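Keep the viewer open while reading.

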Amino acid sequence: MQKILPQLRAIAGICGKQGVAPGRCHLSQYCLRVAVEGGELLYHNMTGELLLLSAEEAAGMFGRAGVRDELVARWFLVPEGFDEYRHARQTRDVALLIAPQESQTAHFVVFPTTDCNARCFYCYELGRPRRNMSDAVAHDVAAFIVRRTAGRDVRINWFGGEPLYNARAIDVITGDLAVDGVSLTSQMTTNGYLFDEELVRHARDGWALDDVQITLDGTESVYNRSKAFVGVEGSAYRRVLRNIGLLSDAGVDVSLRLNLNGSNERDLWQLADELAERFGGRENVTAYTVLLRDFGFGSMPHESRHRALAAYGALQGHLHDVGIGRPWLPRRSVKVNQCMADNDNWITILPDGRLGKCEHESEDKLVGRIYDDGLDEEAVRAWKRVVRVPECEGCLFFPSCNRLRECAWHAEGCTEYDREEMRINLRHRVLTAYEQYCREHR
Ligand code: SF4
Ligand code: SF4
């Protein structure tokens, strides 16, 4: 038995070792098994521990005294009748109580604009007003950030719309923060089209930009058709790929998001190959895929959803195999929040100074204004309400699940397809951790 990842320190401190049970045991409901060459990986989603068992150990794990006792002590095996759900709830409650609430970094998602130079047919901003942040509001935003930050470091995600469509507002905000001596780093969610060599340099040095997320919807013709940029000469795809190279050369991390919609699987495989050929070997360019729910999966027949999930898992694997996949690992700390929406260290700032909690909500479910003294606490609390369904009781993901009721992506609550998608992701992370371990211990 080899230890690939140790237990999370906080959980180890709370749970300690499980006493060895004399009777029958079964595998913990929080354990994910992944077969690998010559053995099996066991990942515990509550303790965070990852073990490698040889084929022989895996086959005899319930019977061989040494292996069995070790797996019991580490919570991978539990006695018949043991109430794991209750134990996980208690552990979670204690872990959340002792987890540090105040982060050293205050996070802001700033919308310099909700306008955009592309016309993606799936955009959540479709039908919403196109607003630009004025200079006056940008100055007020910087003052708000300084007030709210109280000396902590600041991390801004420039979001939109297309943030570069109103680079002026970014200049105003970063200029004011520099005058106030704020320690700033930033990232950007952008289509990447408007960058050029000079703007890349300016963004890195003036906006402290170190990370960019760019969505690619397909190979050249598919991309150009689905993005439908306005006022573009030549191929937008070629320009964006050039800009990815410029950003990478400048030391900015580039994360490429491939939107899988159930009918573009083949094209995205080809895109993955093209990206690997062009950017493979660059440590700061990685790609991942997401399943687009906005395409109405809720109304598709079940077979389609199964197919979409299979395609999703296969594409994740392919990105990994061709050497451009994002190296996601299992979480290494207690999961306190789902996302920005239930995290008090995050706030979104819209072009007119209204405040929100989710980057995908620019009109509804807002929580205040930069001009007010405090936030609408009831609205903030509403964002923290979690989904609970009968399946939670036996669910592998319960120890790390904070699925939010207000999240538009969770409008269906929690379905077996959601859990299957989470299983694919967790399996991918476990395999990545194992590969990393193998590389380091070769
Ligand atoms: S909400 Fe869904 S994923 Fe989360 S614990 Fe419940 S069943 Fe599992
Ligand atoms: S869409 Fe859902 S998961 Fe994403 S930031 Fe909003 S609330 Fe969080």
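The paragraphs below go from the fold to the salt bridges.

This is a predicted model: local features need pLDDT of at least 70, side-chain atom pairs count only at pLDDT 80 or more, and totals for chains, interfaces and linings use all residues. Residues are numbered from 1 along each chain as its sequence is written, chains are lettered from A and ligands numbered from 1 in the order in which they are written, and side-chain values use heavy atoms, with hydrogens and water left out.

The protein chain holds 13 helices and 15 strands. These are DSSP runs numbered from the N terminus: helices are H or I with at least four residues, strands are E with at least two. The chain has a radius of gyration of 23 Å, close to the 22 Å of the globule rule for 442 residues, so it is as compact as a globular protein of that length. That radius is taken over C-alpha atoms, and the rule is 2.2 Å times the number of residues to the power 0.38. Along the principal axes, the C-alpha atoms fill a box of roughly 70 × 50 × 45 Å.

Of the 442 residues, 52% count as buried. Buried means under 20% relative accessible area, exposed over 50%, partly exposed in between (1.4 Å probe, protein chains only). Among contacts (heavy atoms within 4.5 Å) with a separation of 6 or more, 74% join residues 24 or more positions apart.

Now the charges. The whole structure contains 21 salt bridges. Each is a side-chain nitrogen of Lys or Arg within 4 Å of a carboxyl oxygen of Asp or Glu. In one of them, Arg33 meets Glu40 at 2.3 Å, N to O. Arg33 is partly exposed at 40%, while Glu40 is buried at 14%.

Lys365 pairs with Glu406, with the closest N and O atoms 3.6 Å apart. Lys365 sits in the loop between strands E14 (354-356) and E15 (368-369), and Glu406 in the loop between helices H12 (377-382) and H13 (416-440), so the pair ties together parts 41 residues apart in sequence. Lys365 is partly exposed at 36%, and Glu406 is partly exposed at 23%.

What are the burial states of the Arg403 and Asp418 side chains, which meet in a salt bridge? Their N to O distance is 3.1 Å. The pair links distant parts of the chain, 15 residues apart: Arg403 in the loop between H12 and H13, Asp418 in helix H13. Arg403 is buried at 8% relative accessible area, and Asp418 is buried at 6%.

Finally, a network of salt bridges links Arg131, Asp352, Arg354 and Glu363.
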